[in-house]
Amino acid sequence: MAIKYNADSKTFILETRDSSYLMEISRYGNLLHLYYGDRIPDENLDYLIKIQDRGFSPNPNEAGNDRTFSLDYLAQEFSTDGKGDYRIPSIEVINGDGSRIFSGKVDGYKIYKGKYCTTGMPSLRAISEDSVQTLEIRLKDNESKAAVILYYSVFEEKNIITRAARFINEGRESIRLHKLMSVTMDFRLSDYDLVTFDGRHTMEREFTRTPVRSGVQSVQSCRGASSHQHNPFAILCERNTNEDYGRCYGYALIYSGNFIIEAEKDQYKQVRLNAGINPKSFSFVVEPGEEFQAPEVVLAYSGKGFTTLSHLYHNIFRENLCRSPYIKEPRPILINSWEAAYFDFNEEKLLQIAKDALEMGMELFVLDDGWFGKRDDDNSGLGDWKVNLNKLPNGISGLSDRIHEMGLQFGIWIEPEMVSEDSDLYRAHPDWCLKAPGRPMTRGRNQLVLDLSRKDVCDYLIDSINAILQDAKIEYVKWDMNRSISDVWSAQLPAHRQGETLHRYILGLYYIMDHVILTHPEVIFCGCSGGGGRFDAAMLYYQPQIWCSDNTDAKARLKIQYGTSFAYPVNSLEAHVSICPNHQTRRTVPIETRGIVAMDGILGYELDAFKLTKEEKDACREQIHFYKKHYHIIADGDYYRLSSPYENPYYTAWQHVSKDRKKSLVSLVLTDKESNDAQMYLRLKGLDKDAMYTVEGLEGRYSGALLMHAGLPVPGELNEYEGIQFCLEMI
Ligand code: GLA
């Protein structure tokens, strides 16, 4: 049994293969947190709760004269608000009488087989009923009659626990919800670092490690999407944690909108971590009888450092999150027209790009932006999803037919959530976009955002996208979203509900994706938001791959892909070989290195082959052959970061190991070349220490133990930005 309730100690016990999670009902009905960490056999951890009379720590009424019981310092599972806990709360409400108090006491629980569901939002699924168990704990505020259901699903074998929360108004007055966290987790100890993945457009998910200090610190998005700036994934770890050692806790939100991950070190050096929808600009009116669902957060614990933690996420995301059948399939090697032609193309030029791509072994031609409406630059046309016959006189279907006749598959770019002012759609429905009445609009990339909180807009988009998919044979769709949202106001919501708009936008987006993406499992959808501006677990539920960054420079990608790899599996990130000097950084890196780096993901190309030399074309052909040969080790194996681009200035290296440890691919890129430099050795990971391996290109056989403890010499003849790959095979 993965979930138990011990009635004597009033303890809930959640167990995965390697971790335990315990909580206890206090003598006054509050749900206290006891423990989350390495698996322990014990069931009564009451001794951990140390109560004492503390100054300025209020005592709830039910404690009578007992001045030792205070929510000001006790570790809780879901905090009260307005009852003497002053830390960052799990919930904020305004009740019908104007009070801002929520005091949830345990009012029942349920344990059942299978997984709960988060209405209207993506979440992990149980492959079989028996593989997952769920606990629901009901907390009730007796005065307002509001309840919160806390959900816990235990994926025992996968070492994963998910949490979510639902607010239910069971009273007679409407309640305005200002905050509802998906998870609150209290830690009794204090020496933690918070690892977050931060950045900007073209430099996403940079690894950032900060000590948790006294007071509150957070990462958040208030841009309407999960954002380039901060990823909805964070790790809380002990100070000494590294790849192979130390305790660490992961929090991955399955949500694509505004989020917050916040940590507070309190007056007694305890740490609280919250994650959920960002309360900034958020409120939701919950009428009597109505509910509000907070998104799911995927928790993982590793007592053995970051690598193990990453493996837990990679496995669960590959197997229990993504709905596309392609997550388990090799994806076709694509050529994308964006950096090859931008907006400047006609059918002839596209066919030439496709022909060159075919000759190099590519399998899918993707027509990027610029094919529709009056879209000769990025100032117009969004919303008019009708082909531009001046550029493509035979329409999309004609182009698709010719591409297929050549022997390639065909894909297309769309940006359905946006509208240009210079578009027929905007002229017909100016009220369909987010904009506040009487205020000048704020533009981003000269475009406006459609109001996806409206069902009529969502239904229109479902019909438009389905029409595109019906009009031509399309095997791949790149779904883009190219601005941060501002001027949030929906013409369909009353004034007191405007705080709901951005969350409703995300629900609308999921509704559209449910009706377009999930109904076309045969099409590969690739997520994109100016590259990696919406690289999150919810998008991964719908799309087996996400364009990792608009930055295609191989050196910059080392950092971007390193950061991305902490939560997201290799086969979810799309990576392209592009032309040099690189269009984003103007750096020149050998074509072989560009291939090595792009193979650390779903390999693709984004270049005009006309600008390649014969040798470079040959190199691309070889890369594709090599990648396909090793695809399953890369996509389905275990991933090891062998060095950090932030700590090792000389090289960045990583390794893929097949699950049976029989095959491995090691990749290394030299990032700084010194004169007369020291010989460097690369210690491998994940091999069977007792087995013998061959290393392609090296004489002899080597034990796994030797390769992991003594390592492989890094060839001294490598030049700066050159790379090397080693293929290992067990004998
Ligand atoms: C975004 C994407 C790019 C490209 C352009 C087209 O920036 O990230 O890959 O599709 O839009 O406008």
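What you're looking at is a predicted model, where local features need pLDDT of at least 70, side-chain atom pairs count only at pLDDT 80 or more, and totals for chains, interfaces and linings use all residues. Residues are numbered from 1 along each chain as its sequence is written, and side-chain values use heavy atoms, with hydrogens and water left out.

**The largest pocket**

Rolling a probe the size of a water molecule over the atoms shows where empty space is left. Here the largest pocket holds about 620 Å³ of space. To find it, a 1 Å grid is laid over the protein atoms alone: a pocket is an open set of points where a 1.4 Å probe fits, with protein on both sides within 12 Å along at least five of seven lines, and lining residues have an atom within 4 Å of a point. Grid points are joined across faces, edges and corners, and the volume is the space filled by probe spheres set on the points.

The lining has 28 residues, and Arg17, Lys304, Thr308, His311 and Leu312 lie nearest the centre. Two or more lining residues come from each of β20 (297–302), α1 (306–321) and β31 (638–641). With 7 residues, α1 gives the largest share. These labels come from DSSP runs numbered from the N terminus: helices are H or I with at least four residues, strands are E with at least two.

By class, the lining has 5 nonpolar, 10 polar and 13 charged residues. Asp, Glu, Lys and Arg count as charged; Ala, Val, Leu, Ile, Met, Phe, Trp, Tyr, Cys and Pro as nonpolar; the others, Gly among them, as polar. So where does the largest pocket lie? It lies between domain 1 (3–320) and domain 3 (640–730), because both give residues to its lining. The domain bounds come from an automatic or database domain assignment.

**Aromatic rings**

There are 44 aromatic pairs in the structure. Take Tyr21 and Tyr36: their ring centres are 4.9 Å apart and their planes are at 45°, so the pair is tilted. (Rings of Phe, Tyr and Trp, using its six-membered ring, pair if their centres lie within 6.5 Å; planes under 30 degrees apart are stacked, over 60 edge-to-face, and the rest tilted.) Tyr21 is in strand β3 (residues 19–25) and Tyr36 in strand β4 (residues 31–38), 15 residues apart.

One aromatic cluster includes Phe197, Tyr313, Phe566 and Tyr646.

Cys580 and Pro581 are joined by a cis peptide bond, with omega about 0°. Pro581 is in the loop between β29 (573–578) and α10 (591–598).

| Residue | Phi | Loop between |
|---|---|---|
| Lys145 | about 70° | β7 (132–140) and β8 (146–155) |

Are they buried or exposed? Lys145 is partly exposed, because its relative accessibility is 38%, while Ser227 is buried at 5%. Buried means under 20% relative accessible area, exposed over 50%, and partly exposed in between (1.4 Å probe, protein chains only).
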